[in-house]
Number of protein chains: 2
Amino acid sequence: MKIVIIGSYGHNGYALDAAKVNPVIEIIGIAPGVEDENVQAVYNELAGEYNIELYNNYKTMLNKTKPDIAVINTVFALNNKVAIECLNRGIHCFIEKPIACELDDLKKLKTAYKNSEAHLTAMHEIRYHPWFAAAYKAYQDGLLGEIQLITAQKSYGLGQRPDFYKNRATYGGTILWVGIHAIDWIYWFTNGEISEVTANHTTTGNCNHGDLESSALCFYRLKNGGQASANIDYLRPKGHKQYADDRLRIAGTKGLLEVRDNKAVIITDKKTYELPLAEKKLIFNEFINYIYKDRDFMLTEDVVFRVTELAIRTRMAADQKRVITL
Amino acid sequence: MKIVIIGSYGHNGYALDAAKVNPVIEIIGIAPGVEDENVQAVYNELAGEYNIELYNNYKTMLNKTKPDIAVINTVFALNNKVAIECLNRGIHCFIEKPIACELDDLKKLKTAYKNSEAHLTAMHEIRYHPWFAAAYKAYQDGLLGEIQLITAQKSYGLGQRPDFYKNRATYGGTILWVGIHAIDWIYWFTNGEISEVTANHTTTGNCNHGDLESSALCFYRLKNGGQASANIDYLRPKGHKQYADDRLRIAGTKGLLEVRDNKAVIITDKKTYELPLAEKKLIFNEFINYIYKDRDFMLTEDVVFRVTELAIRTRMAADQKRVITL
């Protein structure tokens, strides 16, 4: 199975992790997604392990190598265009999230997908973290009852980011780049049964990162009458060993579940306990099994299209400081 | 200093805690705030310690004993009316929160206060918990910089509540009864600089408690461009030793602060550490010092009026599923 990598601004590591354990995967090429993107360092790392070639232009690479799957992670707002080029050539796409930064771009991607034989997914990989997967299993097993209140968090340190983060046109916005994970969890646990969103974001404290929003808050009404929020920030100071702080708290009619510090803890009427962690599955292998073995897959095209649309509408609600009915 | 207690549905304990250490406080009478309220148990407890009399009617008690301060904690929606009776007699009022459940009632209370020589405050006592007070001091000391994102939580077990909790007209709603503390923290740390609110609440999972909302979520836009939320629930199952779970997380441009588990932890660019806890101050003594010694007080009339109005408007936003400009 021939795999190429386009770009190096995102999580191509998800594919490389799978390549280490899955012998069918051959990494055969790498190219930048945009002209000034430097993929030399990634190429150098991989050249020792794989029979990989470095290309200057990803379209040349696609045409020459005719890969089975493209791992797409260039400048965030451009992943969409690269994916469309791949789909048009019948190449399956493993795309960095968000798979589109504007509704128009999402529509174009959907059309390209519809007209292609190829599959695609988005790197909503956190669903596969063993503590998140364990939490979802507990929900499926009925331990939470009906979900009423979800609060999700993504918190990072900012540090110094590449220049394209400073521009909305290339970065897409913090709700889309960071927040989409929290939005994905909310979508996942509510099965997308969300009726309304409003949101807010601000650039204050972004340490000269231009348009980049340093914090955001998203508010959702659920179709069952309940509610959910996602709080997102890059305001995590350096004086903590932990770089990121993902959290998810879910209050249901039967149980209260919390994911934090790489653990999932549940409170039921009988006891409080840490859930046994789920087996670690590799998203790229799951995608391959979906494509070639028709296996069940959490992140089907329909799901990633819907989550992306929800995230884009959430950012619109924040930009326009208004409520959007979904 | 003559103190009377009216009702026993709330936190008259705040006054009793002060009485234990402050010899000027004499608890001289107790009466129900409504006809079917049983204050016998509280009377029995206090009769051994204080020269206290039990009355059937609080107005009779007020007229006969002419107390200096009334501790008011009857059926939540009626504390307001009792307070007005006290203010009209020139008696200072230490009132269970919320001090009003409707904007009209708040207006009446404000008018009674304006026309009285007496002072009043609300039992927004959590501000005095040493971890919350320590957090506020850290903010005042500039350790957080400019506040961008606040997430606050109030989570309780429900158990079996008195019947008046089941009726909006007597209970006031969960945003007002439970949520007002989280709303108070948001008001406190933002100095009330809030421009807009929307909110949601639901009764699902309230175990036959009628109108009582089992969970709620409040969303605020701050005037500085930032944002805040309060998530509130009674969905804490019995299988946890902890009955309540108050939390406050504040992300500022300089520091990130978290209050949880009776601790306050701050992350700055240099280090992560637990804040030294503030000295425990008793809200009732602070109120007395405000009245009689003109000392600084966090919960002045102006503050508690504004916080109460914010909480009522938040509940309105949830009832009407709309955005309210403040």
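**View 1. Glu258(B) and its contacts.** Leaving aside residues up to four places away in sequence, Glu258(B) touches Arg249(B) and Val265(B); contact here means C-beta atoms, placed from the backbone, within 7 Å. This is a predicted model, so local features need pLDDT of at least 70 and side-chain atom pairs count only at pLDDT 80 or more, while totals for chains, interfaces and linings use all residues. Residues are numbered from 1 along each chain as its sequence is written, and chains are lettered from A and ligands numbered from 1 in the order in which they are written. Glu258(B) sits in strand β12 (residues 256-260) of chain B; strands are DSSP runs of E, at least two residues, and helices are runs of H or I, at least four, both numbered from the N terminus. Glu258(B) counts as buried because it has 20 C-beta neighbours inside 10 Å (buried: 20 or more; exposed: 12 or fewer; partly exposed in between; C-beta atoms placed from the backbone).

**View 2. Where the domains of chain A meet.** Chain A splits into domain 1 (2-123) and domain 2 (126-325), with bounds from an automatic or database domain assignment. Here 26 residues of domain 1 of chain A are in contact with 24 residues of domain 2 of chain A. On the domain 1 side, the elements giving two or more residues are α1 (13-21), β5 (92-95), α5 (103-114) and β6 (120-122) of chain A.

How values were computed: Two residues are in contact if their C-beta atoms, placed from the backbone, lie within 7 Å.
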